[in-house]
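Here is a briefing on one structure. Look through the chains first, then read the points below.

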Amino acid sequence: MTTDLLAFLPGLLTAVGGIFVMMLGAFRANKQVVLTATLGFLLAAFGAALWQSSLPASVAFTEMIRSGSFTSFLTAIILFAGIVTTLVNQEVMQGRRAHSPEVYAMLLFAITGMLAFVASNHLLLLFVGLETMSIALYVLAGLYKNERHGVEAGLKYFILGAFASGFLLYGISFIYGATGSLSFEAVALASPEVTQTLFFRAGIGLMLVGFFFKVSAVPFHMWTPDVYQGSPTAMAGFMSTASKVAAFGAFWVLLSPVISSADVYTSGSPQLSALYWISILSMVIGNLTSIAQQDLKRILGFSSIGHAGYVLIGFVVGTPQAFTAMLFYLVAYTLMNLGAFAMIAHFERTFGWTDTSMDQLKGVGRVAPRRVALLSLFMLSLAGFPPLAGFFGKYLVFSAAIEAGFVTLTVIAIVSAIVGAFVYLRVIGQAYFEEGESTQPKEDLGWGLVLAVSILAAGTLHFGLDALMPWPSLLDWISTLM
Amino acid sequence: MVPEFILPWLLNLSMWIPFVGSVLLFLCGSPKRGRVMAIVFSTFSLILSIILALQFMPIYGASVQFASAGATLSDSFRLGYVVGLDGASMLLFAMTSFIGWIAILTAPKVFSRTNNAFYGLLLILLGASLGVFAAQDLFLFYIFFELALIPMAFLIGIWGEEDRTSATYGFVIYTLVGSLLMLVGVLTVGFTSATLIEGVSFSTHFDDLMAAAPLFQELPFWVFGSFLFAFAIKIPLFPFHSWQANAYAQAPIPAVLFMAPIMVKFGSYAIVRFVIPYFPVLFEAVTPWIATLSVLSILYGAMIAITTTDIKKILAFSSLSHMGFIVLGLVAWNEPSIQGSILQMVNHGLTTAALFLGFGYIMALNPSRNLMDHGGVASTRPVLTTMIVIASMASIGLPGLNGFVGEFMILSGAFNSAQLGSTLYAVLAAFAVILAAMYTLRLLKFTLFGTPQHALDSEVTSSSTLPKGWILGLFVILMVWIGFQSPTFTQFSQEWTVVMLEHVQQVLSDSGLSGVSPSVSLPSN
C-alpha cells in the first residue's frame with residue numbers, strides 16, 4: 001500500500017494541497033498564507049517528481065498507475081508550469097476575483113488531474129484524470145463570470161470539452177469491446193486480428209478525437225482562441241502548456257504502440273494518415289489564421305494550434321529521435337508560451353488594458369523597452385529564431401522527420417513556420433516600431449513575476465544552446481526516457 | 001611574436017567580446033558610458049582580428065587555422081561549436097571587424113538617436129557576423145546567419161526612417177524564407193555526410209561535408225536549390241533583390257554599414273565556401289542560369305541607379321550591380337575569377353561602407369535622402385568631398401584603387417572561362433562599368449558640386465562638432481594599398497582557391513562529368 005501511495009506521491013500532494021487551500025479559503029485565510037500553501041505543495045510535489053525520476057519504473061494500484069522516469073519527466077513539466085502560473089497569477093491578479101483562494105485550489109485540482117492523466121496505465125483512470133483536469137480548467141476559463149468573453153470562454157470550453165470527453169469515453173468502450181480489457185498493455189499487445197477489426201479501429205479513432213480536442217489540433221481547434229481570449233491571461237498560459245503536455249504525454253504512451261506497430265505501417269494505417277493530415281492542417285491553419293488576428297491572446301491561441309501541429313510530427317514519424325524531439329519541443333514550448341502569456345498578463349495590469357488587442361501594444365516599446373525585450377525574446381523563440389529554445393526544438397523535430405524520409409511534411413512545416421514568424425514579428429513590431437500614446441507603466445515587475453519570467457527567459461536561452469553546453473544536456477536526459 | 005597556442009583563443013575572444021559587450025550594455029544605464037563601452041569592446045575585437053590577420057599563414061591558406069572546437073551534440077550527432085579561419089574567410093573576418101568598429105565609432109555622428117540598446121544590437125550584429133565567417137560547422141554557420149537577422153530587424157524597425165515597418169517585414173520575411181528552407185538542405189547534407197563515418201548518424205562539420213561531397217551529387221536537386229535560393233536572396237541576385245533598396249533606405253546609417261558591406265557577403269562567401277565545393281556537378285549544371293542572373297543584376301542595378309533620386313537607393317542599386325560582378329566571378333569558376341571575387345568582396349565592403357558613411361555625413365547635415373536637395377558640399381567640406389570622390393572612383397574601378405583590381409580579375413577570369421562557354425557575359429558586365437561611372441558621377445555632381453542648396457549648411461560648417469570626414473581616410477588608405485599592393489591581399493586566398501579547384505576537379509572527374517576543366521588559369525596575375 002505504501003509503495004502504491006509513493007508511486008503517485010506528486011499527485012497526492014497536489015490533491016491534499018487543493019483541499020487544504022480550499023479549506024483556507026473557507027476560513028478566510030490571508031492571501032499570503034494561501035499563496036505560501038499553494039507554492040509549498042507544488043514545490044513539494046515537484047521535489048517528489050524529481051525524486052521519483054531516479055526510481056525504477058513500476059506499476060501501482062492494481063496496475064492502474066505507472067511510475068517511472070518518463071512519467072516523472074512529464075509530471076515535473078506540469079508542476080513547473082503550475083508553479084510559474086501561481087507566481088504570475090498572484091502578481092497580476094491582485095485585487096481581482098482571479099486571485100481568490102478557490103482559484104489556487106482549482107489550479108491544484110487541475111494539476112492533480114493532469115498528473116493522474118499522465119501516470120495512468122488504465123483507460124478508466126485516463127478518463128478520470130482527464131475529467132478532473134478538464135472540470136477544474138472549465139472553472140478557471142470562466143473566472144471572469146461578469147464579462148461577456150469570460151462567460152463565453154467558460155461555456156464554450158465546457159460544452160465542447162464535454163463532447164470531446166464523450167467521444168473519448170465512447171472510444172474506450174469500443175476498445176473494451178474489441179480487446180476485453182481496459183489496461184494499456186492489452187491495447188498495446190492486442191493481436192493483429194484484433195487491431196484489424198473495425199471495432200478496435202473505431203475505438204482508436206474516437207479516442208483520437210478526444211486527444212485532438214485537448215491538444216487543439218485542427219479540425220478540433222475552434223474553441224482555442226475564444227477560450228484563451230476570455231480566460232484570465234495567466235490561466236490561458238497554463239491551459240495552453242500544461243494541459244497539452246499532459247495530453248501529448250499520456251497519449252504517446254497509449255497510442256504510439258498502436259499506431260506505429262510495424263503491421264500498421266505496412267498496411268497503411270488510417271490512424272497514421274489521419275495524424276499526418278491533422279499535423280499538416282494544424283500547422284498550416286494555425287499559422288495562417290493567426291495572421292488575421294488582432295488580439296494578442298487569440299494570436300497565441302492560433303499559434304498554439306500550429307505548435308500542436310509541430311509536436312504531432314513527432315507522432316507521425318514515431319522514431320526514437322522523434323520521441324526525443326517531441327519531448328524537447330514540449331519543454332521549449334512550455335517555457336516560451338508561459339513567458340509570452342506572463343508578459344501579456346503583466347502589460348494588461350500595469351497599463352490597465354481593457355482588452356488584449358494588438359493596438360494596445362503600440363508605443364509600449366518606448367516606455368518599457370526592457371519588458372518588451374522579454375516579450376520579444378519569447379516571441380522570437382516561438383517564431384523559431386536561433387539560438388533560442390524554440391529553434392532548437394523545431395530543428396530536432398525537422399531533423400527527425402528528414403531522417404525518417406518525411407521531406408514533404410518538413411517543407412510544409414517550414415513554410416508554415418515562416419508564416420508564423422511573420423505574426424510574431426508583427427507583435428514585436430507593434431510594440432517597438434509603431435508610435436503610440438502609451439502611458440508610463442503604473443508598476444514595476446514584482447518579485448514573483450521577476451522570478452518566474454527570469455526562469456523562463458533563462459530556460460529559453462539555455463535550451464536553445466542546449467547542445468553546445470559543456471554540462472549534460474536536457475537532450476541526453478530525454479533520450480534516456482524512452 | 002604571439003605564441004601559437006593563444007591564437008585560437010584570440011579568435012574566440014574577438015568573436016565573443018561583442019556579445020559580452022552587448023549584454024553589459026543592456027544592463028548598463030548610463031548612455032554616455034554605454035557608447036564608450038561599445039567603442040572599447042569593438043576596438044578590442046578589431047585589434048584581435050588584426051593580430052589574427054598578421055599571424056595568418058597564407059601558404060597554408062587551404063587549411064583551417066586558429067581552429068578550436070567546443071562541445072558537440074553527442075558522439076553520433078556531430079554538430080557543434082567549431083571555429084577557425086581559412087584563406088576564404090580571413091580577410092572577410094578582418095574586414096567585418098574593421099567596418100563594425102567604424103560603424104560603432106561613427107554612429108553618433110551620422111545618427112542622432114543612439115542609445116545603449118542601439119549599441120548593444122550593433123555589437124550583437126558584429127559578433128554574429130564574425131561568427132558567420134569563423135564557423136567551421138554548417139549548423140553553427142546557420143545559427144549565426146539567422147542570429148544576425150534579429151538585431152538587424154530591430155535596428156531597422158525601431159530606429160529606421162518613416163517607412164521602417166514595411167522595410168523590416170520585407171527584409172526579415174524574405175531572408176527567412178530562404179534560410180529556413182535552407183535548414184532542410186542543412187539537415188539532408190548532415191545525414192548524408194554521416195553515412196561515410198562509422199558510428200555517426202549526423203555531421204555538419206565542414207571537413208566531414210567536404211569529404212562527403214561526391215555523395216551530394218546524388219542528392220535531389222532541391223537540396224542544392226535550397227542553399228542557392230537562400231544565398232541568392234541574401235546577396236541579393238536579381239530577381240530576389242526587392243527587399244534590398246527599401247531596407248537600405250529605411251535603415252539608420254550604422255545599421256546599413258553592417259547590412260551593405262557585411263551581411264550581403266554572407267551569401268557570396270557561403271557560395272564560394274561550400275556551395276561550389278559541395279555541389280560542383282549541380283553548380284556546373286546551373287552555371288548559365290546563375291551567370292545570366294548575375295549579368296542581369298549588374299545591368300539592372302546599374303540602370304535603376306541611374307534613374308533613382310534617393311541617395312541611399314542609388315547606393316543600394318549600385319551594390320546590387322557590384323554584387324553581380326562577384327557572383328559572375330564565382331560562376332566563371334577559375335583561379336583568377338574566384339580570387340578576384342574573394343578580393344572584390346572585401347573591396348566592395350570597403351567602398352560601400354565608405355560611401356554610405358560619407359553620404360551619411362552629408363545627410364546628417366541636411367536630412368534629406370533626395371539627391372536634388374543637396375549640392376555644393378565641396379565648397380564647404382573639402383576633406384569629406386575628397387574622401388567621397390576617392391571612394392567613388394574605387395567603386396567605379398579606377399586603376400590604382402582597389403575596385404579595379406577585383407573587377408579586372410573577375411572580368412579577365414570570366415572572359416577566359418571555359419565554364420561560362422561564352423565571352424558575352426564578360427562583355428556585358430564590362431559594359432556596366434560605364435554605367436557605374438554614369439550613376440556615380442551623377443551622384444557626385446548633384447550632391448558634392450553645384451551651388452549649395454541648403455542655407456544651413458554654410459552656417460554650421462564652422463562648428464567643430466560636425467564630422468570632417470577624416471575617418472574616411474582609413475578607408476582610402478586601404479583602397480590605395482589594395483590597389484597598388486594587391487598580392488598582399490590575394491595571397492590569402494591563393495592557396496585556398498587552388499586546393500578548392502582541385503577538389504572540385506576531383507569530384508567532377510569522379511562523377512564522370514569532367515567535360516571542361518575549371519582550372520584554366522591565366523599565365524600571370
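A polar contact is a pair of N or O atoms within 3.5 Å; within protein, one atom must be able to donate a hydrogen and the other to accept it. The side chains of S337(B) and N334(B) make such a contact, at 3.1 Å. The model is predicted.

**Interface between chains A and B**

- On the chain B side, 40 residues are in contact with 34 residues of chain A.
- The buried area between chain B and chain A is about 3,200 Å². Carbon and sulfur atoms give 80% of that area.
- Zero salt bridges are counted between chain B and chain A.
- One residue pair is in polar contact between chain B and chain A, with both residues at pLDDT 80 or more.
- Six elements of chain B each supply at least two residues of the side that touches chain A: α1 (7-27), β1 (65-72), β3 (80-85), α5 (138-147), α6 (149-159) and α7 (164-194).
- α7(B) gives the largest share of the side of chain B that touches chain A, with 15 residues.
- By class, the residues on that side of chain B are 30 nonpolar, seven polar and three charged.

**Aromatic pairs**

- Over all chains, the whole structure holds 72 aromatic pairs.
- F391(A) and F139(B) form a stacked pair. Their ring centres are 6.0 Å apart, with 25° between the planes.
- Which helices does the pair of F391(A) and F139(B) draw on? F391(A) lies in helix α19 (residues 389-403) of chain A, and F139(B) in helix α5 of chain B, so the pair joins two chains.
- Both partners are buried: F391(A) has 2% relative accessibility, and F139(B) has a relative accessible area of 4%.
- F227(B) and F279(B) form another aromatic pair, with ring centres 5.7 Å apart. Their planes are at 45°, so the pair is tilted.
- F227(B) lies in helix α10 (residues 221-234) of chain B. F279(B) lies in the loop between α12 (253-278) and α13 (280-307) of chain B. The pair therefore ties together parts that are 52 residues apart in sequence.
- F227(B) counts as buried, at 1% relative accessibility. F279(B) is buried too, with a relative accessible area of 1%.

**S337(B)**

- S337(B) sits in helix α15 (residues 335-365) of chain B.
- Is S337(B) buried or exposed? S337(B) counts as buried, because its relative accessibility is 0% and the cut-off for buried is under 20%.
- Leaving aside neighbours within four places in sequence, S337(B) is in contact with G329(B), A332(B), M409(B), I410(B), G413(B) and A414(B).

**Y176(A)**

- Y176(A) belongs to helix α7 (residues 148-179) of chain A.
- Its relative accessible area is 45%, so Y176(A) is partly exposed. Exposed would need over 50%.
- Which residues is Y176(A) in contact with, leaving aside its neighbours within four places in sequence? They are S181(A) and L182(A).
- Y176(A) and F200(A) are 24 residues apart in sequence. In space, C-alpha to C-alpha, Y176(A) and F200(A) are 8.6 Å apart.

Note on methods
Residues numbered from 1 in each chain as written. Chains lettered and ligands numbered in written order. Predicted model: local features only at pLDDT ≥ 70, side-chain atom pairs only at ≥ 80, totals over all residues. Heavy atoms only, no water. Contact = heavy atoms within 4.5 Å. Buried area = accessible area lost by both parts, 1.4 Å probe. Salt bridge = Lys/Arg side-chain N within 4 Å of Asp/Glu carboxyl O. Helix = DSSP H or I, 4+ residues; strand = E, 2+ residues; numbered from the N terminus. Nonpolar A, V, L, I, M, F, W, Y, C, P; charged D, E, K, R; others polar. Phe/Tyr/Trp six-rings, centres within 6.5 Å; stacked < 30°, edge-to-face > 60°. Buried < 20%, exposed > 50% of the residue type's maximum accessible area, 1.4 Å probe, protein only.
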